[in-house]
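Subject: Structure for you to look at

Hi there,

Here is the structure I promised to pass on. Have a look at it first, and then read on for what turned up.

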Amino acid sequence: MSAHLYAEAHTACRAPADHAAPLPVLGSEVSVPLVTGGEVGYAALDYAASAPALQRVWEDVAAYAPYYGSVHRGAGYLSQLSTDLFEASRRTVAEFLDCRPEDQVVFTRSTTDSLNLLAAALPADCQVFVFETEHHASLLPWRDSPVTWLDAPHSPAAAVAALESALADRDPHGPALVCVTGASNVTGELWPVAELAAAAHAHGARIVLDAAQLAPHHPVSVRELDVDWVAFSGHKLYAPFGSGVLAGRSDWLQRAEPYLAGGGASRTVARAEDGTVQVQWHTGAARHEAGSPNVVGVYAIASACRALTEAGFDGLVAREQALLARVRAGLAQVPQVRVLSLFGDDAPRVGVLSFLVEGWNSSHFAAALSAEYGIGVRDGLFCAHPLVRTLVGGDEHQPGECGGGAANSADRPLNAIRVSFGAGTPDEHIERFVGAVASLVRDGARWRYRTEAGRCVPEL
Ligand code: PLP
């Protein structure tokens with residue numbers, strides 16, 4: 001797998017090159033109030049949830065806005081222009097993902113939507129294989145199919161071995177699908193996608209890559225990874241306008257009923273002699289894109305794809321790895337911090353990292369980072385409950401108190417804290433974060449917090 005991103009990331013991880021400036025993003029000038037007084041520039045360190053829009057994406061969208069028109073519907077000039085832009089965006093995304101010529105790019109609302117679309121298009125009795133470590137968007141859509149749940153593996157090699165063994169036990173004649181994430185939204189660790197794809201194909205199964213956390217950080221080549229489908233979301237790829245992508249093989253998609261029934265997906269609709277309404281559905285991507293398309297969201301995704309490609313992933317990866325190394329080194333100086341990891345310290349990873357702080361309720365810690373330092377992180381189980389529970393372990397107890405009451409509700413006994421960053425993150429945000437963690441652990445919070453709806457909030 002020498003040309004493969006897993007190995008490339010590994011190299012980048014160990015030897016970060018000199019890094020250039022962050023890409024301009026919206027919000028970099030925004031200041032937020034501190035409970036302790038004054039204001040500070042907001043440090044957005046929750047890219048894994050939603051990344052800020054690239055300035056370039058915003059400018060492209062603004063430049064297009066006056067020309068906005070309906071897609072695939074109108075005869076007017078602006079409708080034609082919008083349709084052209086929409087279809088050109090499809091080609092841009094296909095290029096960005098290095099798709100095969102016969103692959104189809106379907107625009108959706110998000111990764112969740114893309115995976116639900118694929119789930120609805122699976123052939124009857126398709127056996128689905130999913131690791132328990134997946135984000136809920138990859139874990140849950142397969143409700144109508146038999147699912148084999150795979151335990152959390154403790155190394156990339158163990159993941160491949162577990163999949164091999166599960167696939168070897170399956171009926172080799174029926175259809176099967178493996179769903180795997182490219183980069184964990186909890187640990188940031190990269191999964192051995194090419195090897196898992198090879199294992200899937202060796203056993204006659206197909207594979208879909210959840211690239212929600214991978215695509216913003218690394219080039220994704222459908223061809224090189226040899227995955228059958230890939231899904232990602234615009235809002236994690238610096239294009240927060242409500243669109244997502246499912247790209248890959250068209251055969252199962254074409255044989256399936258349209259994901260949504262309605263205009264756009266239907267070619268002809270007529271009353272039959274028996275009085276029923278008969279429909280001929282479109283083939284191609286339109287089959288699963290019923291309703292008026294989100295041309296702004298789609299154009300924004302294409303703009304982000306172009307911007308990242310032009311900026312160059314080599315530099316972006318090197319820069320992000322340098323920031324990651326700084327975060328890891330900073331946290332390593334604080335013995336009370338436990339970084340969550342499935343594959344161990346040497347595993348290649350993207351700029352996403354979750355941790356616990358001994359003696360602290362995570363919600364309290366995250367609230368203090370925000371209120372006292374202007375740093376936006378996330379606390380919780382990150383829509384990956386089985387994984388976080390596995391990583392945290394059963395015997396870990398967080399203080400339930402946050403000022404006046406229990407911060408964790410009964411069904412959420414444990415939280416972790418997640419910091420995540422990317423192409424728009426300046427060094428100062430990382431330095432502030434590392435300093436704030438050390439200060440909070442050393443000196444404690446400088447403010448009082450209380451519990452509101454299960455979360456810690458500053459007393460105001
Ligand atoms: N997959 C992973 C790995 C994610 O991190 C997320 C969101 O956090 C999703 C899927 C779902 O993405 P969306 O909420 O955009 O549908």
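A word on terms before the findings: the domain bounds used here come from an automatic or database domain assignment. Please also keep in mind that this is a predicted model.

**The two domains**

The protein chain is split into domain 1 (31-46 + 312-458) and domain 2 (61-310). Their C-alpha centres are 31 Å apart. Each side brings residues to the contact: 31 residues from domain 1 and 31 residues from domain 2. Between them, domain 1 and domain 2 bury about 2,500 Å², and 63% of that area is on carbon and sulfur atoms. If you want to see which residues of domain 1 to click on, go to Phe-313, Leu-342 and Phe-343: they supply 30% of the area that domain 1 buries against domain 2, more than any other three residues.

**A helix pair**

The other thing to show you is helix α11 (residues 313-332), which packs with helix α14 (residues 427-443) at an angle of about 10°, their axes being 9 Å apart. Because of that angle, α11 is roughly parallel to α14. The crossing of α11 past α14 is right-handed.

On the α11 side, the contact is made by Arg-319, Leu-323, Arg-326, Val-327, Gly-330 and Leu-331. From α14 come Asp-427, Ile-430, Glu-431, Phe-433, Val-434 and Val-437. Sorted by class, this contact of α11 with α14 holds seven nonpolar, one polar and four charged residues.

Notes. Residues numbered from 1 in each chain as written. Predicted model: local features only at pLDDT ≥ 70, side-chain atom pairs only at ≥ 80, totals over all residues. Heavy atoms only, no water. Axes fitted to C-alpha atoms, helices over the stretch in contact; angles between N-to-C directions. Helix = DSSP H or I, 4+ residues; strand = E, 2+ residues; numbered from the N terminus. Parallel < 35°, antiparallel > 145°, perpendicular 65-115°, else oblique. Left-handed = near helix turned anticlockwise from the far one by under 90°. Contact = heavy atoms within 4.5 Å. Nonpolar A, V, L, I, M, F, W, Y, C, P; charged D, E, K, R; others polar. Buried area = accessible area lost by both parts, 1.4 Å probe.
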